[in-house]
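Let's take a walk through this protein, one piece at a time. Have the picture open and follow along.

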Amino acid sequence: MNERWRYVAASAGLVADDGRVRPTIFAEMSALAARTGAANLGQGFPDEDGPEWIRELAVESIRGGRNQYPPGRGDAALRAAIAEHERVRYGLDFDPEREVLVAAGATEALTSAVLALAGPGDEVLTLEPFYDSHAAAIAMAGAAHTTVPLVPGAEGFRLDVDALSAAVSPRTRVILINTPHNPTGTVLSREELAAIAAAAARVDAVVVTDEVYEHLTFDGAEHHPIATLPGMRERTVTISSAGKTFSLTGWKIGWACGPEQLIEAMLAIKQFLTYSGGAPFQPAIARALSEGGSDIEALRRSLDHRRELLLDGLQRAGFTVMRPSGTYFICADASPFLSETVPDGDAFARRLPEQAGVACVPVSAFCRAGSPTAEALKNWVRFTFVKDEATLLTAIERLLARR
């Protein structure tokens, strides 16, 4: 592996001691779960497919000949549906011809945005913990990765606003945020978003926002796109996808909305990544966004029930848990179970499949190695409640038996 790509892999935390590129923590823990027969509450993919009527639309598209390259910007009907979704839900007006871009999932959209907007000598600021692909995209761009912590407390994980102000510098070209947030499950408040907006305006940075869990909020929490704040529409790229909203993660249909000049910059990168894809899935998702409101609400209610089930089970098993306001993840402090031989959350997560038949993910995997946030959260692990109820009950039973 040459030095450039060794650097990228190392920055993403994917270089093992022997120098080889290792799988992501999600793939690693899922493989461990499969090998041990553990209930997999580590990797966040649904056990059940999305609504049948949406899947049947894709089948009809395949049979109807929608099997060749769709337009590079995305199917026109899908771009129109995305723009309408943003208008109806949030009051944001985007031109579907010039201000909407369809991508191979939110991951490609995020990577395209970072590669287009930042480079060597620039800084990209993220929240910490952060989703692993964010760090990889920053490394590929050759930019410096800076972070601001989300701190656990009585009201969940909250943004350290003072640390944000200190971290944003004249070199900050992009502020990349994720709300609702993976892995913590927090939904950024209007006050937190306003602090980010003010910091971006102060240094003329672009905000790239990962909103793939936008519809999956609980306990009355509301998701507010930062693009709705005064002055932010013109400096924000808003990214989402159909994967989490409709439980169709393998379709990889994501999108970005933003000012024309930012979308054009992303298109210049994206057209040499996948160019386009998902031809039969794009018209199906267009219909889903227009007609699938009841399916989204049904999924949210079901996830809320499963969230309560897992929260209760983890607490009875002895964990201190942080109640999530969004996503489909629960962060739990594993300190009561640690010892000299199991000294932190990473060791705990790697032992748990064999010792208890349950898989989770260490929160440290979402942090920069050796950072203050990684140290503060070294004993924390993340469980997902997007699995079916039977899997959750099995996991809870096994954790209670281990207590």
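Start with helix α4: the parts that cover its buried residues include β2 (100-104), β8 (236-241), β9 (253-257) and α10 (281-291). Keep in mind that what you're looking at is a predicted model. So which residues of α4 are buried? They are L78, R79, A81, I82, A83, H85, E86 and Y90.

Now check the helix from end to end. α4 covers residues 76-90, and at 1.5 Å a residue its 15 residues should span 21 Å; the C-alpha atoms at its ends are 21 Å apart, so the two agree. At the start of α4, D75 has a side-chain oxygen that comes within 3.0 Å of the backbone nitrogen of A77. After the helix comes G91, with a positive phi near 75°.

Strands of a sheet pair through backbone hydrogen bonds, either parallel or antiparallel. Here, 8 strands make an open sheet with mixed pairing, in the order β2-β9-β8-β7-β6-β3-β4-β5. β2 and β5 (156-159) sit at the edges with a single partner strand each, so one side of each has no neighbour in the sheet. From one strand to the next, the twist averages 25°.

Helix α9 (residues 260-270) touches β2, β7, β8 and β9, and its direction makes about 30° with that of β2. Helix α8 (residues 190-203) lies across β5, β6 (172-178) and β7, at about 165° to β6.

Next, find another open sheet, this one of 4 strands in the order β10-β11-β14-β13, paired antiparallel. What stands at its edges? Those are β10 (320-322) and β13 (361-362), each with a single partner strand, so one side of each is left without a neighbour in the sheet. β13 is joined to β14 (residues 380-384) by 2 bridges, and V361 has R382 in β14 as its bridge partner. Helix α12 (residues 345-356) packs on this sheet, touching β13 and β14, with its direction at about 40° to that of β14.

Finally, the cysteines. How many disulfides turn up in the whole structure? The search finds 0. For C367, the nearest cysteine sulfur belongs to C331, 9.5 Å away. C367 is buried, because its relative accessible area is 8%, and C257 counts as buried because its relative accessibility is 0%.

Terms used
Residues are numbered from 1 along each chain as its sequence is written. This is a predicted model: local features need pLDDT of at least 70, side-chain atom pairs count only at pLDDT 80 or more; totals for chains, interfaces and linings use all residues. Side-chain values use heavy atoms; hydrogens and water are left out. Two strands pair if DSSP finds at least two bridges between them. Contact means heavy atoms within 4.5 Å. Axes are lines fitted to C-alpha atoms, for helices over the stretch in contact, and angles run from 0 to 180 degrees between N-to-C directions. A disulfide is a pair of cysteine sulfur atoms within 2.5 Å. Buried means under 20% relative accessible area, exposed over 50%, partly exposed in between (1.4 Å probe, protein chains only). The expected span of a helix is 1.5 Å times one less than its number of residues. A polar contact is a pair of N or O atoms within 3.5 Å; within protein, one must be able to donate a hydrogen and the other to accept it, and residues adjacent in sequence count only if both atoms are side-chain atoms.
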